[in-house]
Amino acid sequence: MRPIVVAAVLCALSASVAVAKEGNECIIAAGTVAPDFALPNVARAIAKNKLDIAVIGSASSELNGPAGTNIAYPTWLEKTLRGLLPGVTVKVTTHARARETASEMEAKLPRIISESAPALVVWQTGTADAIRGVDPEEFRVALDDGVDKLRAGGADVVFMNMQYSPRTEAMLAVATYADALRFVALKREAVLFDRFTIMRRWNESGVFDLYGATRTTNVAERVHDCLGRLLADVVVAGAKLAPVVSRGTD
Amino acid sequence: MLLPKPGGRDLRLDLFRGLALWLIFLDHIPSNIVNWVTIRNYGFSDATEIFVFISGYTAAFVYGRAMREQGTLVAGARILKRAWQVYVAHIFLFAIYTAEISYVAHSFENPLYHEEMGIFDFLQQPDITLAQAMLLKFKPANMDVLPLYIVLLAGFPPLLWLLLRAPTVALGASVLLYTLTLYFDWNIPAYPNGSWVFNPFAWQMLFVFGAWCALGGAKQLSAVILSPITAAVAIAYLAFALFIVSTWYMPGLNALVPQWLEDWMYPIDKTNLDVLRFLHFLSLAVVTIRLVPSDWSLLQSRWLFPAVVCGQHSLEIFCLGVFLSFAAHFAMVEINQGVGMQIAMSLLGIAIMVATAALISWYKGIEGRSPRSRPGPPGATLVGGGV
């Protein structure tokens, strides 16, 4: 637990307000989620009115609703970006595969770049590596090489770390991999979307009960919805940080 | 000066090891509001460094005396017996851990965490998993410190022999091993992948450094340790570490860290005891030694007794702490995970640790193994004390 989080929790407690669970509550409770670095390729793509985004990840980038429809965060990302960027053709494609480690994903990057030439790759990773106990150094090198490949292919990268999972927290040691991800992001000036901290804030402020056992996808869908919207905000903010001139209307 | 008075036990060692045991316990309870007090949030190093250093210090203090008085063979045999006890304790904890997570795996379902449930896969193959656990290759989360300690103790007899004869050579050999380890990437393989989270070939340096300090090194260094310049450098470094750590958690601050510094500094590697972590521990130690003199009256007082008594029975209390952190997490999952519960679990856990340590002291007293109940040469009572 970090001091900032504690401060946030104490504020929430002292106000003793029952948090409403409607609307944008999840966005507010997530706290400040701002990109540390610019996304120049995204800015250029927006200026050309065509933004292609590839999401690569493991099972937590996939979620199917009761009707079999895709309700994972990439879907919400696409939907929100279309609202935020009128006139821009936004397309988000997901390349998620359960249990895939960072180095396995890294091997797929050239194919994804050559097939769809995305302006942005959202790279969700860490959980599978933690479960499979991959050598943290191998994990770090895969991320580092991946950044090289993506930038050479004209794509920006946004890393996404693990989900906050209180039930399995005592069993699954994610800290080593979360730190490696953070260090690579800082060193390579890549944006880190800190999913872990965001979800922990949700749990602490009572927006979502992430402890509860359930068979339905209700909570999962709302979590992914909020993650997708926050991620869209980060993408747009990152593009605005870029020095190139974007569309005049933005 | 970090050196016990002749014949006396330096209670500061017990105090800080006791505090380290509390911090490790708090750090091992996930999502615990109380663990914002732990030092890992304010710098590079954490309670593990304190624990390993003091363990090296006390091991050298206790077994160094034994080696001089009873001979190399007897002292070596006693060290290996201790390593065996730690191994048994580790396997016992593994059994408790497996019981807890089997229960959780059975009772929990949520589509959001489909991926995280993969951690329970190893329950499908008990044949392989149990064997790998006994070989110390399969180590679940938060169960990495005892295997490190086992390896450090197992390798300690020849090292202690050398430390007693040529301390500088022994320390030099340790630093050399550390350097070669970083250079050649030596580590012990783990199951199912990767290698040990606490690399014994790297962490041995802190253990050996502690042992070296106990056997006269601290005395040699005392002019350096107590110099105002050292203190100023240490404080400056602690402030630097605090700033760097805060840039990880406060958006925007990162822009203040120059790129060349990031290139040089990251990653700060816990597995191989990064030099930045080692220096952070040294800085903490330098400042602490200045602030807390060995004859500080409070060390004998009832106010610090809870931490001191825990530090005096560190193996038992460490194991208990690991168990209690599982239990606290389990209670939070099954009953309530509110802030009140987190605080209650933290305080209750520490209270149980203190009560158990006091009980162990009492048992040792009635069995005639207590420092105060047995006549003998001053300080020799430490031989019966925990390491």
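## A helix inside chain B

In α5(B), the buried residues are B:V145, B:L146, B:P147, B:L148, B:Y149, B:I150, B:V151, B:L152 and B:L153. A word of context before going on: this is a predicted model. Helix α5 of chain B spans residues 145-154, and nine of its ten residues are buried, so this helix is largely enclosed by the rest of the structure.

What surrounds it? The cover over the buried residues of α5(B) includes α2 (47-70), α3 (72-107), α6 (156-165) and α8 (200-225), which belong to chain B.

## Chain B as a whole

Chain B has 14 helices and zero strands. Its pattern along the sequence is therefore simple to write, α-α-α-α-α-α-α-α-α-α-α-α-α-α. The radius of gyration of chain B is 21 Å, close to the 21 Å that the globule rule gives for 387 residues, so chain B is as compact as a globular protein of that length.

Along the principal axes, the C-alpha atoms of chain B fill a box of roughly 65 × 55 × 45 Å. Of the 387 residues in chain B, 45% are buried. If you take the contacts in chain B between residues at least 6 apart in sequence, 78% of them join residues at least 24 apart.

Let's look at B:F51, which lies in helix α2 of chain B. Is this residue buried or exposed? B:F51 has 24 other C-beta atoms within 10 Å, and a residue needs 20 or more to count as buried, so B:F51 is buried. Leaving out residues up to four places away in sequence, B:F51 touches B:R17, B:A20 and B:I24.

Now turn to B:A327, which has its place in helix α13 (residues 314-334) of chain B. With 18 C-beta neighbours inside 10 Å, B:A327 counts as partly exposed. Although B:A327 and B:Y97 are 230 residues apart in sequence, they are 9.4 Å apart in space, C-alpha to C-alpha.

## Chain A and its paired strands

Chain A has ten helices and five strands. Of its 250 residues, 51% count as buried. Among the contacts in chain A with a separation of 6 or more, 85% are between residues 24 or more positions apart.

Strand β1 of chain A covers residues 50-57, and six of its eight residues are buried, so β1(A) is largely enclosed by the rest of the structure. β1(A) pairs with strand β2 (residues 89-96) of chain A in the parallel sense, over eight bridges.

## Helix α7 of chain A

Helix α7 of chain A runs over residues 136-152, 17 residues in total. From its first C-alpha to its last it reaches 24 Å, close to the 24 Å expected at 1.5 Å a residue. In α7(A), A:P136, A:F139, A:R140, A:A142, A:L143, A:G146, A:V147 and A:L150 are buried. Why do these residues line one face of the helix? Seen down the axis of α7(A), the buried residues fall within an arc of 160°, so they line one face.

The cover over that buried set includes α5 (102-116), β3 (120-124), α6 (127-132), β4 (156-160) and α8 (175-187) of chain A. On the face of α7(A) turned away from the buried side, you will find the exposed residues A:D148 and A:A152. Just after α7(A), A:G154 takes a positive phi of about 80°.

## Where the chains meet

How many residues does each chain bring to the contact? Chain A brings 48 residues and chain B brings 45 residues. On the side of chain A that touches chain B, α1 (3-15), α6, α7, α8 and α10 (218-241) each supply at least two residues. α8(A) gives the most to this side, with six residues.

By class, the side of chain A that touches chain B has 26 nonpolar, eleven polar and eleven charged residues.

Terms used. Residues numbered from 1 in each chain as written. Chains lettered and ligands numbered in written order. Predicted model: local features only at pLDDT ≥ 70, side-chain atom pairs only at ≥ 80, totals over all residues. Helix = DSSP H or I, 4+ residues; strand = E, 2+ residues; numbered from the N terminus. Expected span 1.5 Å × (residues − 1). Buried ≥ 20, exposed ≤ 12 C-beta atoms within 10 Å, placed from the backbone. Arc of directions from axis to C-beta. Contact = placed C-beta atoms within 7 Å. Nonpolar A, V, L, I, M, F, W, Y, C, P; charged D, E, K, R; others polar. Rg over C-alpha atoms; globule rule 2.2 N^0.38 Å. Pairing = 2+ DSSP bridges.
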